[in-house]
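Dear colleague,

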Amino acid sequence: MKYQLKLLKLLALACVSTCGGLSLGAETIKVGVLHSLSGTMAISETSLRDTLLFAFDEINHAGGIKVGGTTYTIEPVIVDGSSNWPLFAEKAKQLLEEDKVAVVFGCWTSVSRKSVLPVFEKDNGLLFYPVQYEGEELSKNIFYTAEAVNQQATPAVDYLLKLGKKKFYLLGTDYVYPQTTNLILYKYLLLHGIALGDIGGGLRKDADGKVISAGKYTPFGHTDYQQIVAEIKQFAASGDACVINTINGDSNVPFFKEIAAAGLNPSDCPVVSFSLAEDELRALPTKDLVGELGCWTYFMSLPSRENKQFLARWNAWLKTENYSGVVKEKRAMDSPMVLSYDGVYLWKAAVEAAGTFAVDKVRDTLESGSVTFDGPGGKITMLKNHHATKNVYIGETKANGQFKIVKDFPQVEGEPFLLKGLDEKLSAMK
Amino acid sequence: MILPSPQRTIVRNRPKGCQGAWVLAAHAPLRWGSLKVGLSWALAGVCCSSWLGAIAATAPSPAPAEKAVRQELSRAILAEDPERARLLNEIAHSGSTIAQEVLTAWTRDGVYLYDGSGAAKIPLLLEETPDSEGKARAIRIDTGRFLAGPDGHDLRLAAADLGAADTDMKLRQTVQRALDTLALADPNPETRRSAASKLGNSAKPQYLAVLEDRLAIESHGEVRRTLGEAIALLHLADTNPAVQLQAVRGLAAANALGAYDVLKRLAASTNASPEVTRAADLAARSIALHLDWVNFFGTVFRGLSLGSILLVVALGLAITFGLMNIINMAHGEMIAVGAYTTYLIQNLFGAGFAFSIALPLRLWGKPLAFGLHLPGLNASGGLYESYFLVALPLSFFTAAAAGLVLERTVVRFLYRRPLESLLATWGVSLVMQQLFRMVFGANNVQVSSPAWLQGNFTINDVMFGYNRVFVIVFAVLIVLGTWFMLAKTRRGLLIRAVMQNRDMAACLGVRADHVNLMTFAFGSGLAGLAGAFLSQIGNVGPGLGQSYIVDSFMTVVVGGVGSIVGTVYSAVGIGTTDQILQQALGSPVLGKIIVLGAIILFLQWKPGGLFPTRNRGLD
């Protein structure tokens, strides 16, 4: 009896293993999704996970990825970083070493990206990073579909300079992205002839007198902007002033309520915000923001045919999908979501061109500059410096939370390293 | 037979003119055959018709003037400098609203050129919303009518197929100046003031004439002041030292804040005469002094407004913690209840409110979910703006009801166990936060201020925001109301008795349970009121309570547990000190750190707070 039971178990095991070994239909390829699905960043990052799932479904329904004669369907492996940066590194390790994913799409905050960078370099993984950031970084294992500073901050400043603005007030949340961006903009403004006294917010210098921080900074979750807005009002009293706003999170609400209460209207002193897209505008009092500026490489109100079809497909997918945790009502589409989507298609194109999923070959193909995709925001091309060439748009906020596009800079090449060049030009100017 | 004397209302301060005729007609008794009635109504009727006639006469007759402006606009778009500059100058003085619309579109690349059958191109505007193919009808600028094809039907064109009328920076600046000149004649005084300020800062003397013309006919005080400053600023660029001197003195006398930069530059310049530079230096100094005073009073006002917010937030806690010795960690969530109630009322006055909750449970195989849809009033205008007045008492009552429930279910058993009350109410606060997330969503919700709370008024350049003034006034009213209730009413007497010695009061026949219930509900209601105010100033989300709970406890403890007066003093003190330090140190965070440090030191010196009514031993 015992012997027969053992034989039965062995037989069952053999069956299962052969069945598992048979390829029933197409092959699958695992890809990783590394975002915060809980915690403080969940509000922003769950939208990226949703867009990635949409992209994967679209590719699978269209037949999958064709590599070396075989068709592969994408199998997403979704892990939750929980807004906990060391956990991001652990999850990245898990994705690369245990799940052995071919590529990871993920991260939002710069600190999460910097946490996972050593893991990707050690395990030779591939990460596509879609969220606007401060630059000054280039890893051979990360491809940045994100907006570099010269694809968001400096075009916006160029537009403001063209409008005739001569005084710039720098304001942001106190962490690496606003600090670095404002430092770059401070040097950029000096190079363009703006006087030192016309750059508002204050300067901090180190022991040698070198400026290490420019502008006014408030912590996350700060709510009292009375004093700062009173300063801005006085700064703007002599005309031709504007505010560069890198406040992140819901501190933007009390800030813009104060701006509205102080009577600073966008035609006198426009506020250009780099961290507010259509997704965040859903929770802001957009009545107080009408006319303020935003600068991204995609706006939901882009009138192109690709964008309209993309939005139609996205809305149709939202109706029919049944992944748990995906909210169906009142969704908005914004630049980080579209750049995640673009990243998936760029990777697919690179893999199909290289004929393999191997990271080194895919990297070489992407660096060759031939991988391009006609995304909803326009044509996006990967460059040798792991950044992308994209269109840049400047928009004015409307009361319905959408942007009205007032300027576009076509096909701007992303350049991450700006500080060194600016420093050299500044010392040459002296 | 004594006839009853006709009822006549005595109309004091008889209003004159047409209004008077109406009033008299309204008040005179309606007795047929009364000559007075007949005459009053006839007079009212004549007045009205003449008034309407006057309006009709002054309404701009649309046809000839607009047409001429349209033709000029069309020619200006196609022309080159200097003809274009001349045409733009004429358009700027026309005061036409069409010109404003077309010129604004031109600066935004919104004017298109259509290559018609003739040699000349036709300047067009496209309709705002294109149809499904991306095409829209085109409006000819020169006639204002839709562009028609050879068959007479309106042509539909896509923006991508047309060429936009090119603009460069120089042209855009000229067009912008024309727009600013047009804005000087705008009916809205704020637009006029803003346009005058921009023209003054432009440093282009050619705008002097148009500013002086406007000053001669302007009646609004604030706009007149700005026009005067703008004229003086432009005079500063004059070569004649006497004119410059007069302008500098004028700006100093007016304490024009906007002129500070220009005056400093003039004081440092080498071109101007020494007399002028000296005067400019003095003027800059005087304006800097004025700015210091403005900042001082501004800081005091901001301190008061921050203090009043701390006060309304902490007053409820002063009552529950101070009077009843309950550490209520759910106090922040009561604030959130009030804020969300305001959001609900705003939506009910608007388009309605709907929510659905899907519980992670299954009942007979089907997921358990329920939803609610409340239709809105779709009110508009004045009725919609009054939502806040309705929301205020409702916030109080909703939060009071929530406090009632909390007291009956949890707090009632914990009166003699304050440490357990801390843990239990902390748990309740977590449950309430999750409830908010489930019903309203994890994101913040939009609460916009009603129109009468928006904006500000300035006294001598010191800015007072209406919503902040409202909070200060209401905080004063709340404090007075609470003091009155506690000190002068019977219920207040009972509350104070129970607070001093619960058992003794119960022995004397006071229903201690009932008094506790009412007091807790009152404290929670005050928190709800605070939430309604906070919804106007900050954001409303599930985490709203957590941001204010620490500040509330801090204010109550510094003021002295159990003392309402102490809470008032400590709230105003903390608020003012925080703002003064922010102003002095220039950093928003450093001020708060120093305030917290100072509070810690203060509590070492006076552990009972400012007005200790009893020790903080929790007995």
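Ser82(A) is partly exposed, with a relative accessible area of 27%; here buried means under 20% relative accessible area, exposed over 50%, and partly exposed in between, with a 1.4 Å probe and protein chains only. Ser82(A) sits in the loop between E3 and helix H3 (85-98) of chain A, and its phi is positive, about 55°, although the residue is not a glycine. Helices (H or I, at least four residues) and strands (E, at least two) are DSSP runs, numbered from the N terminus. Lys100(A) belongs to the loop between H3 and strand E4 (104-106) of chain A, and at 61% relative accessibility it counts as exposed. As background, most residues other than glycine have a negative phi.

On provenance: this is a predicted model, in which local features need pLDDT of at least 70 and side-chain atom pairs count only at pLDDT 80 or more, while totals for chains, interfaces and linings use all residues. Residues are numbered from 1 along each chain as its sequence is written, chains are lettered from A and ligands numbered from 1 in the order in which they are written, and side-chain values use heavy atoms, with hydrogens and water left out.

Strand pairing in chain A

Two strands are taken to pair if DSSP finds at least two bridges between them. Strand E1 (residues 27-35) of chain A runs parallel to strand E3 (residues 70-80) of chain A, and nine bridges join them. Within E3(A), Ile78(A) is the residue opposite Val33(A). On E3(A) there is also an antiparallel pairing, with strand E2 (residues 65-67) of chain A, through three bridges; Val67(A) has Thr70(A) as its bridge partner there. The hairpin of E2(A) and E3(A) has two residues between the strands, and Gly68(A) takes a positive phi near 55° in it.

Five residues lie between the strands of the E16(A) and E17(A) hairpin, where His386(A) takes a positive phi near 65°.

Interior of the model

Gly32(A) is located in strand E1 of chain A and is buried, at 0% relative accessibility. Leaving out residues up to four places away in sequence, Gly32(A) touches Val77(A), Leu95(A), Val101(A), Val103(A), Val104(A) and Phe105(A), where contact means heavy atoms within 4.5 Å.

A nonpolar core is a set of buried Ala, Val, Leu, Ile, Met, Phe, Trp, Tyr and Cys residues joined through side-chain atoms within 4.5 Å. The largest one has 100 residues, and those with the most contacts inside it are Phe105(A), Phe128(A), Phe255(A), Trp347(A) and Phe357(A). Helix H11 (residues 335-354) of chain A supplies the largest share of this core, ten residues. Apart from it lies another core, of 85 residues, which includes Val312(B), Ile335(B), Tyr387(B) and Phe440(B). Beyond its neighbours within four places in sequence, Phe128(A) has contacts that include Phe105(A), Phe143(A), Trp347(A), Leu366(A) and Met382(A).

Chain B

Chain B contains 23 helices and nine strands, and 45% of its 619 residues count as buried. Among its contacts between residues at least 6 apart in sequence, 66% join residues at least 24 apart. Strand E8 (residues 456-459) of chain B and strand E9 (residues 462-465) of chain B are antiparallel partners over four bridges, with Asn456(B) opposite Gly465(B). Asn460(B) takes a positive phi near 55° in their hairpin, which has two residues between the strands.

Leu289(B) is found in helix H12 (residues 274-324) of chain B and is exposed, with a relative accessible area of 51%.

Yours sincerely
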